[in-house]
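Subject: Structure handover, with notes on its cavities and pockets

Dear colleague,

I am passing on the structure below, together with some notes on what was found in it. Please keep it open while you read.

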Amino acid sequence: MISTILFNSIWILPLIAVLVCAPISRSQTKTIKRIHLTFAGIVLAIAAGLVYYTYTLTMPLGIPSGNKPFVQYLTDFEWLPAIHAHYTMATDALGILLVFLTAVIVFTGMLASWKVDHQQKEFFALMQLLGTAVYGVFMSFDLVLFFIFYEMEALCMYLMIAGWGTGNKDYGGKKLTLTLALGSAMVLSTLFGIFIESGATTWNILSLADVKLPMSFQMWAFPMLFMGFAVSGSLFPFHFWSPDGHASAPTAVSMLAAGVMMKMGPFACLRVAIYLMPEAAKIYLPYIAFLVIFNVAVACFIAIRHRDLKYITAYSSISHLGLIFLGLAAATPLAFRGAALQMLSHGFLTGLFFASIGMIYGRTHTRNIDEMGGLMRIMPFLGVAFTIAGFAGLGLPGLSGFVAETSIFIGSFQSPIPHVKIVTILGILSITATAVYILQTANRMLSGPVKVEKFKTLTDADFIEKTTLVIIMACLFGIGLFPGWISEFLDTAIAPIYANLMR
């Protein structure tokens, strides 16, 4: 009972933080920031504790034999009788790990934003609301509730980019919001269709998984639903919002967007689209592999040509997210596991990337790598953090990227479909291009003489910034050095989805 209450408090506590800070004067910035950080820390502690407790509850049960995952902390009651919508919150291994990822990124994002110099009250309130939205997506098992949370994040993103972004922030914010709105419209229309065609009186995902929807419906509904969700995951051809959105966003928003928001799409593709329409998924997933070619084989070459740090990292994210969709397209148990691991790995590594970039930009006031040089001498801690993020993106053994990408590549090779194997080979070869832009960027930024005289007086990361980076680096090393338990844990959530796909 206590664990269920704590679980449901994860998305409620950020809202309480906003209400607690509402009557406090804007001039009390330190008090407001400390309250928000305290609540974010409490949520992180709860999420970490529930990961351990969920693991101890789930693993003794073994791998589920049917198409139902072992859900924990189930809370279910009717809240909108007119349309049969329920408040249904629960979690499995994948959900609770993504909740933990979100809690880490929200907490470290607040630390990274400690020096925001205007409208701090509104900024931290929107961060809490954005966190609430993402928590809700990963915790919901009712499609109406799921979609409400799914929509919340786009509005919060736009407001934060428009209010605290840099550069052409109005264009970047609108481009992001309108593109995500297109995906949401595709998703909403398909969810209505699922409810009507199922003949059921529930929006519960687990209940709908037992309903075999008509093939005539699945054949148009699956691609619309899958691609609608894939918009937030930057799958080609809906990738174009990501570079401009990231480039204009403040540091914390970039961390949240790349770290957790872009995982909502692949997560929903797996949890909703593939799970509820497995017959159509078996037909269409092999064709998704053709779209992945741009993500894994082209985006990394675009990153090589860019000189702006945020654009480089944005195209790097598009490339790495393509590997998640490759795992989904391969549709083998190991590839699904690799895709889930990559959601976690990429969340932490992009969080580290954007945090370190934001801290470097806050000192140099430039993101152009040609204007930098010799920064390792001036700010060694930030340089090491950026380099570790790059190595994680390369899939260096000992870091999270290695186990995730290896699982995807091996699992994809197990696919009986020839062109999926070809795309997998392209994905493996793209690691070479990834090495080029990461090493090229690190070399131009960190090595050689200091090109700008005023940079010689810059300081390295302070205590708060070091704490931010250390927390994320610890997560990257934790997954990379101890992948066994997390892989087995994820299998308890992946196996039922695969079983339903093979029914």
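The lining of the second largest cavity comprises six nonpolar, two polar and no charged residues, where Ala, Val, Leu, Ile, Met, Phe, Trp, Tyr, Cys and Pro count as nonpolar, Asp, Glu, Lys and Arg as charged, and the others, Gly among them, as polar. Its lining residues are L309, I312, T313, F353, F386, Y437, I438 and T441, and helix 12 and helix 17 are the elements that give two or more residues to this lining. The volume of this second largest cavity is about 50 Å³.

A word on terms: on a 1 Å grid over the protein atoms alone, a cavity is a set of points where a 1.4 Å probe fits but cannot get out, a pocket is an open set with protein on both sides within 12 Å along at least five of seven lines, and lining residues have an atom within 4 Å of a point. Grid points are joined across faces, edges and corners, and a volume is the space filled by probe spheres set on the points. Helices (H or I, at least four residues) are DSSP runs, numbered from the N terminus.

This is a predicted model, in which local features need pLDDT of at least 70 and side-chain atom pairs count only at pLDDT 80 or more, while totals for chains, interfaces and linings use all residues. Residues are numbered from 1 along each chain as its sequence is written, and side-chain values use heavy atoms, with hydrogens and water left out.

The largest cavity has a volume of about 60 Å³, and its lining has three nonpolar, six polar and one charged residues. Helix 17 gives the most to that lining, with four residues.

Turning to the pockets, the largest has a volume of about 690 Å³ and is lined by 30 residues, of which K115, V116, T251, G358 and G362 lie nearest its centre. Helix 13 gives the most to this lining, with seven residues. The second largest pocket holds about 210 Å³ of space, and helix 18 provides the largest share of its lining, four residues. By class, that lining has 11 nonpolar, one polar and no charged residues.

Finally, F100 and C475, which are among the residues lining the second largest pocket, also belong to the contact (heavy atoms within 4.5 Å) between helix 3 and helix 18.

Best wishes
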